[in-house]
Amino acid sequence: MCTRFVYNGEDTVVGFNFDIDLSVWTHKVIAEKDRFFIGIKMPDNQYHSFHGINRNGNVGTLLYVNGNQNGAYRSGEGHITVADLTERYIKGELLFDEACSIVQNKKIVYAEDATMQAMLSDKNGRVLIIEPGIGHRFEHTKYSLITNYSVLNPEITRPYIVPGDDRFERADKELKRQNDNFSVADAFRILESVRQEGLWATRVSFVYSVKENRVFYALNNDFKNIKEYRF
(Lines give C-alpha, C1' and ligand atoms only; values in the text may rest on other atoms or scores of the structure.)
Protein backbone atom coordinates (compact mmCIF):
# COMPACT_ATOMS: atom_id res chain seq x y z
CA MET A 1 0.00 0.00 0.00
CA CYS A 2 1.60 3.27 -1.09
CA THR A 3 0.74 6.70 -2.49
CA ARG A 4 2.89 8.67 -4.95
CA PHE A 5 2.46 11.98 -6.74
CA VAL A 6 4.35 14.62 -8.71
CA TYR A 7 3.22 18.25 -8.75
CA ASN A 8 4.59 20.74 -11.28
CA GLY A 9 4.38 24.34 -10.12
CA GLU A 10 7.13 26.89 -9.54
CA ASP A 11 8.94 23.90 -8.09
CA THR A 12 8.52 20.26 -9.05
CA VAL A 13 7.60 18.47 -5.83
CA VAL A 14 7.38 14.70 -5.40
CA GLY A 15 5.54 13.00 -2.53
CA PHE A 16 5.58 9.35 -1.49
CA ASN A 17 4.06 7.33 1.35
CA PHE A 18 5.74 3.97 1.86
CA ASP A 19 3.26 1.57 3.49
CA ILE A 20 4.48 -1.91 4.31
CA ASP A 21 3.85 -4.98 6.47
CA LEU A 22 6.88 -5.34 8.76
CA SER A 23 6.28 -9.06 9.17
CA VAL A 24 7.01 -9.56 5.48
CA TRP A 25 9.65 -6.96 4.54
CA THR A 26 12.71 -5.47 6.23
CA HIS A 27 13.57 -1.90 5.29
CA LYS A 28 15.72 1.07 6.26
CA VAL A 29 16.35 4.60 5.02
CA ILE A 30 19.72 4.91 3.29
CA ALA A 31 21.36 8.21 2.27
CA GLU A 32 24.37 8.09 -0.04
CA LYS A 33 26.26 10.75 -1.96
CA ASP A 34 24.22 10.27 -5.14
CA ARG A 35 21.16 8.39 -3.91
CA PHE A 36 18.53 8.57 -1.18
CA PHE A 37 16.34 5.49 -0.91
CA ILE A 38 14.22 3.19 1.19
CA GLY A 39 16.26 0.02 1.16
CA ILE A 40 14.35 -3.27 0.96
CA LYS A 41 16.26 -6.31 2.18
CA MET A 42 16.14 -9.05 -0.43
CA PRO A 43 17.19 -12.74 -0.36
CA ASP A 44 20.69 -11.74 -1.48
CA ASN A 45 20.98 -9.97 1.92
CA GLN A 46 21.37 -6.60 0.17
CA TYR A 47 19.17 -3.53 0.61
CA HIS A 48 17.78 -2.71 -2.83
CA SER A 49 16.65 0.75 -3.97
CA PHE A 50 13.17 0.22 -5.38
CA HIS A 51 11.91 3.50 -3.89
CA GLY A 52 14.19 6.50 -4.02
CA ILE A 53 15.82 9.53 -5.57
CA ASN A 54 19.04 10.13 -7.48
CA ARG A 55 20.87 13.44 -7.21
CA ASN A 56 20.17 13.96 -10.95
CA GLY A 57 16.47 14.39 -10.11
CA ASN A 58 15.31 10.90 -11.09
CA VAL A 59 12.69 9.54 -8.69
CA GLY A 60 11.42 5.98 -8.90
CA THR A 61 8.90 4.10 -6.77
CA LEU A 62 7.21 0.71 -6.91
CA LEU A 63 3.67 0.21 -5.62
CA TYR A 64 2.05 -3.14 -4.86
CA VAL A 65 -0.78 -4.09 -7.21
CA ASN A 66 -2.88 -7.21 -7.67
CA GLY A 67 -1.23 -8.91 -10.61
CA ASN A 68 -2.53 -9.96 -13.99
CA GLN A 69 -1.37 -12.90 -16.06
CA ASN A 70 -0.13 -10.72 -18.93
CA GLY A 71 2.46 -9.20 -16.60
CA ALA A 72 3.67 -12.50 -15.12
CA TYR A 73 7.43 -12.88 -14.68
CA ARG A 74 9.36 -14.12 -17.70
CA SER A 75 13.06 -14.14 -18.36
CA GLY A 76 14.85 -13.61 -21.63
CA GLU A 77 16.32 -10.93 -23.85
CA GLY A 78 13.02 -9.24 -24.67
CA HIS A 79 11.87 -8.90 -21.05
CA ILE A 80 12.79 -6.75 -18.05
CA THR A 81 11.17 -6.72 -14.64
CA VAL A 82 9.60 -3.50 -13.42
CA ALA A 83 11.74 -3.85 -10.28
CA ASP A 84 15.01 -4.01 -12.22
CA LEU A 85 14.01 -1.09 -14.42
CA THR A 86 13.07 1.06 -11.43
CA GLU A 87 16.23 0.28 -9.47
CA ARG A 88 18.46 1.02 -12.45
CA TYR A 89 16.66 4.33 -12.84
CA ILE A 90 17.17 5.27 -9.20
CA LYS A 91 20.83 4.28 -9.40
CA GLY A 92 21.29 6.70 -12.29
CA GLU A 93 22.10 3.95 -14.77
CA LEU A 94 19.16 5.04 -16.94
CA LEU A 95 17.94 8.50 -17.89
CA PHE A 96 14.24 9.25 -18.35
CA ASP A 97 14.30 9.02 -22.15
CA GLU A 98 16.15 5.70 -21.93
CA ALA A 99 13.50 4.32 -19.57
CA CYS A 100 10.81 5.43 -22.04
CA SER A 101 12.63 3.66 -24.85
CA ILE A 102 12.87 0.45 -22.84
CA VAL A 103 9.14 0.28 -22.12
CA GLN A 104 8.46 0.81 -25.81
CA ASN A 105 10.84 -1.90 -26.95
CA LYS A 106 10.75 -4.57 -24.25
CA LYS A 107 8.01 -6.39 -22.38
CA ILE A 108 7.85 -5.15 -18.79
CA VAL A 109 6.98 -7.93 -16.35
CA TYR A 110 6.60 -8.40 -12.62
CA ALA A 111 9.46 -9.59 -10.44
CA GLU A 112 9.55 -13.28 -9.56
CA ASP A 113 8.29 -12.67 -6.01
CA ALA A 114 6.06 -9.57 -6.21
CA THR A 115 3.52 -7.86 -8.44
CA MET A 116 4.23 -4.13 -8.62
CA GLN A 117 3.60 -1.11 -10.80
CA ALA A 118 5.89 1.91 -11.04
CA MET A 119 6.02 5.66 -11.38
CA LEU A 120 9.24 7.26 -12.65
CA SER A 121 9.78 11.01 -12.83
CA ASP A 122 12.62 13.40 -13.66
CA LYS A 123 13.74 16.90 -12.67
CA ASN A 124 11.65 18.41 -15.48
CA GLY A 125 8.45 16.98 -14.02
CA ARG A 126 8.00 14.35 -16.71
CA VAL A 127 6.33 11.16 -15.51
CA LEU A 128 6.29 7.58 -16.76
CA ILE A 129 3.66 5.22 -15.33
CA ILE A 130 4.39 1.54 -15.90
CA GLU A 131 1.82 -1.21 -15.29
CA PRO A 132 3.13 -4.65 -16.32
CA GLY A 133 0.68 -6.54 -18.50
CA ILE A 134 -1.42 -3.41 -18.99
CA GLY A 135 0.87 -0.81 -20.53
CA HIS A 136 2.58 2.49 -19.84
CA ARG A 137 1.82 6.19 -20.12
CA PHE A 138 3.98 9.29 -20.44
CA GLU A 139 2.68 12.41 -18.67
CA HIS A 140 3.86 15.99 -18.32
CA THR A 141 0.88 17.62 -16.64
CA LYS A 142 0.14 19.77 -13.61
CA TYR A 143 0.17 16.68 -11.43
CA SER A 144 0.36 12.88 -11.61
CA LEU A 145 -0.90 10.45 -9.00
CA ILE A 146 -0.91 6.70 -8.40
CA THR A 147 -1.75 4.33 -5.54
CA ASN A 148 -2.15 0.55 -5.53
CA TYR A 149 -4.70 0.23 -8.30
CA SER A 150 -4.38 0.59 -12.06
CA VAL A 151 -4.76 4.09 -13.46
CA LEU A 152 -4.39 2.90 -17.06
CA ASN A 153 -7.19 0.33 -16.88
CA PRO A 154 -9.03 0.89 -13.56
CA GLU A 155 -11.55 -1.88 -14.18
CA ILE A 156 -8.87 -4.56 -13.99
CA THR A 157 -8.05 -3.81 -10.33
CA ARG A 158 -11.42 -2.40 -9.19
CA PRO A 159 -12.47 -5.79 -7.72
CA TYR A 160 -9.47 -5.62 -5.37
CA ILE A 161 -10.15 -2.21 -3.85
CA VAL A 162 -10.11 -2.54 -0.07
CA PRO A 163 -13.39 -1.25 1.44
CA GLY A 164 -12.87 2.31 2.62
CA ASP A 165 -9.62 2.77 0.69
CA ASP A 166 -10.20 6.11 -1.02
CA ARG A 167 -6.62 7.40 -0.86
CA PHE A 168 -6.51 8.06 -4.59
CA GLU A 169 -9.77 10.03 -4.60
CA ARG A 170 -8.82 12.09 -1.53
CA ALA A 171 -5.31 12.86 -2.78
CA ASP A 172 -6.66 13.68 -6.24
CA LYS A 173 -9.18 16.12 -4.74
CA GLU A 174 -6.44 17.86 -2.74
CA LEU A 175 -4.03 18.06 -5.68
CA LYS A 176 -6.74 19.62 -7.86
CA ARG A 177 -7.00 22.48 -5.35
CA GLN A 178 -3.31 23.41 -5.49
CA ASN A 179 -1.60 26.17 -7.45
CA ASP A 180 1.87 27.10 -8.68
CA ASN A 181 2.98 27.84 -5.11
CA PHE A 182 2.66 24.16 -4.15
CA SER A 183 5.32 23.52 -1.53
CA VAL A 184 7.03 20.79 0.46
CA ALA A 185 4.71 21.60 3.37
CA ASP A 186 1.67 21.22 1.09
CA ALA A 187 2.97 17.83 -0.05
CA PHE A 188 3.36 16.63 3.53
CA ARG A 189 -0.16 17.75 4.38
CA ILE A 190 -1.50 15.54 1.60
CA LEU A 191 0.69 12.60 2.60
CA GLU A 192 -0.44 12.93 6.20
CA SER A 193 -4.09 13.02 5.11
CA VAL A 194 -3.75 9.66 3.31
CA ARG A 195 -1.40 7.98 5.78
CA GLN A 196 -2.12 4.37 6.71
CA GLU A 197 -2.16 2.71 10.13
CA GLY A 198 -2.32 -0.87 11.34
CA LEU A 199 -0.61 -3.82 9.67
CA TRP A 200 0.18 -1.88 6.47
CA ALA A 201 1.02 1.39 8.22
CA THR A 202 2.99 4.21 6.61
CA ARG A 203 6.61 3.61 7.62
CA VAL A 204 8.34 6.35 5.60
CA SER A 205 6.99 9.51 3.97
CA PHE A 206 9.32 11.50 1.75
CA VAL A 207 9.02 14.71 -0.22
CA TYR A 208 11.59 15.75 -2.81
CA SER A 209 12.04 19.31 -4.02
CA VAL A 210 13.70 19.56 -7.43
CA LYS A 211 14.50 23.25 -6.94
CA GLU A 212 16.33 22.58 -3.67
CA ASN A 213 17.58 19.12 -4.69
CA ARG A 214 16.68 18.11 -1.16
CA VAL A 215 14.72 15.27 0.41
CA PHE A 216 12.50 15.76 3.44
CA TYR A 217 11.20 12.69 5.24
CA ALA A 218 9.23 11.48 8.25
CA LEU A 219 9.26 8.06 9.87
CA ASN A 220 6.29 6.08 11.18
CA ASN A 221 3.70 8.82 10.71
CA ASP A 222 5.63 11.27 12.89
CA PHE A 223 4.89 14.29 10.69
CA LYS A 224 5.97 16.69 13.44
CA ASN A 225 9.53 15.44 13.15
CA ILE A 226 10.71 16.08 9.58
CA LYS A 227 14.28 15.14 8.74
CA GLU A 228 16.10 16.28 5.61
CA TYR A 229 18.90 15.25 3.30
CA ARG A 230 20.54 17.55 0.76
CA PHE A 231 22.46 16.13 -2.19
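Reply: Leaving aside residues up to four places away in sequence, Ile130 touches Val82, Leu85, Val103, Ile108, Gln117, Ala118, Leu120, Gly135 and His136, where contact means heavy atoms within 4.5 Å. This is a predicted model, in which local features need pLDDT of at least 70 and side-chain atom pairs count only at pLDDT 80 or more, while totals for chains, interfaces and linings use all residues. Residues are numbered from 1 along each chain as its sequence is written, and side-chain values use heavy atoms, with hydrogens and water left out.

Me: Is α1 mostly covered or mostly uncovered, and how many of its residues are buried?
Reply: Helices (H or I, at least four residues) and strands (E, at least two) are DSSP runs, numbered from the N terminus. In α1 the buried residues are Val82, Ala83, Leu85, Thr86, Glu87, Tyr89 and Ile90. The helix α1 is therefore mostly covered, the buried share of its 10 residues being seven.

Me: What is the volume of the largest pocket?
Reply: On a 1 Å grid over the protein atoms alone, a pocket is an open set of points where a 1.4 Å probe fits, with protein on both sides within 12 Å along at least five of seven lines, and lining residues have an atom within 4 Å of a point. Grid points are joined across faces, edges and corners, and a volume is the space filled by probe spheres set on the points. For the largest pocket, this space is about 520 Å³.

Me: Which of the residues that line the largest pocket are closest to its centre?
Reply: Elements that each supply at least two residues of this lining are β2 (12-19), β5 (47-54), β6 (59-64) and α1 (82-91). Of the 26 residues that line the largest pocket, the closest to its centre are Trp25, Met42, Phe50, Asp113 and Ala114.

Me: How many disulfides does the whole structure have?
Reply: A disulfide is a pair of cysteine sulfur atoms within 2.5 Å. Cys2 is buried, at a relative accessible area of 4%, and Cys100 is also buried, at 12%. For the whole structure, the search gives a number of disulfides of zero.

Me: Where does Asn220 lie, and is this residue buried or exposed?
Reply: Most residues other than glycine have a negative phi. Asn220 has a positive phi, near 55 degrees, and its place is the loop between β14 (214-219) and β15 (227-230). With a relative accessibility of 52%, Asn220 is exposed.

How values were computed: Buried < 20%, exposed > 50% of the residue type's maximum accessible area, 1.4 Å probe, protein only.
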